Amino acid sequence: MQRWNGYAWEPHGTAANLAEAQRLLHPRDERPPTAPAPEPQPLRAGRGRHRRPQPGE
């Protein structure tokens with residue numbers, strides 16, 4: 001197998017079959033995520049500056 005390093009192809013390793021080659025190139029990350037995903041913030045009351053003004057305002 002060869003891998004592109006940004007400038008040229010370089011040797012990366014050998015594999016007996018496609019499944020082994022895929023495991024070498026794309027290993028699974030078995031570690032759990034370090035931080036939980038942030039919870040979405042609910043919308044606040046009001047119009048906000050990004051809103052288009054209504055006619056007459």
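Helices here are DSSP runs of H or I with at least four residues, strands are runs of E with at least two, and both are numbered from the N terminus. Read in that way, the chain runs β-β-α, with one helix and two strands.

The model is predicted, so to speak of local features we ask for pLDDT of at least 70, and side-chain atom pairs count only at pLDDT 80 or more, while totals for chains, interfaces and linings use all residues. Residues are numbered from 1 along each chain as its sequence is written, and side-chain values use heavy atoms, leaving out hydrogens and water.

On confidence: pLDDT is the predictor's confidence in each residue, from 0 to 100. The mean for the protein is 79, and 75% of its residues reach 70 or more. Where pLDDT is low, the predicted coordinates should not be read in detail.

How much of the protein counts as buried? Of 57 residues, 2% do; buried means under 20% relative accessible area, exposed over 50%, and partly exposed in between, with a 1.4 Å probe and protein chains only.

L24 sits in helix α1, residues 18–25. Because its relative accessibility is 41%, L24 counts as partly exposed. Leaving aside residues up to four places away in sequence, L24 touches M1, H12, T14 and A15, where contact means heavy atoms within 4.5 Å. For T14, 10 residues away along the chain, the C-alpha separation from L24 is 8.9 Å.
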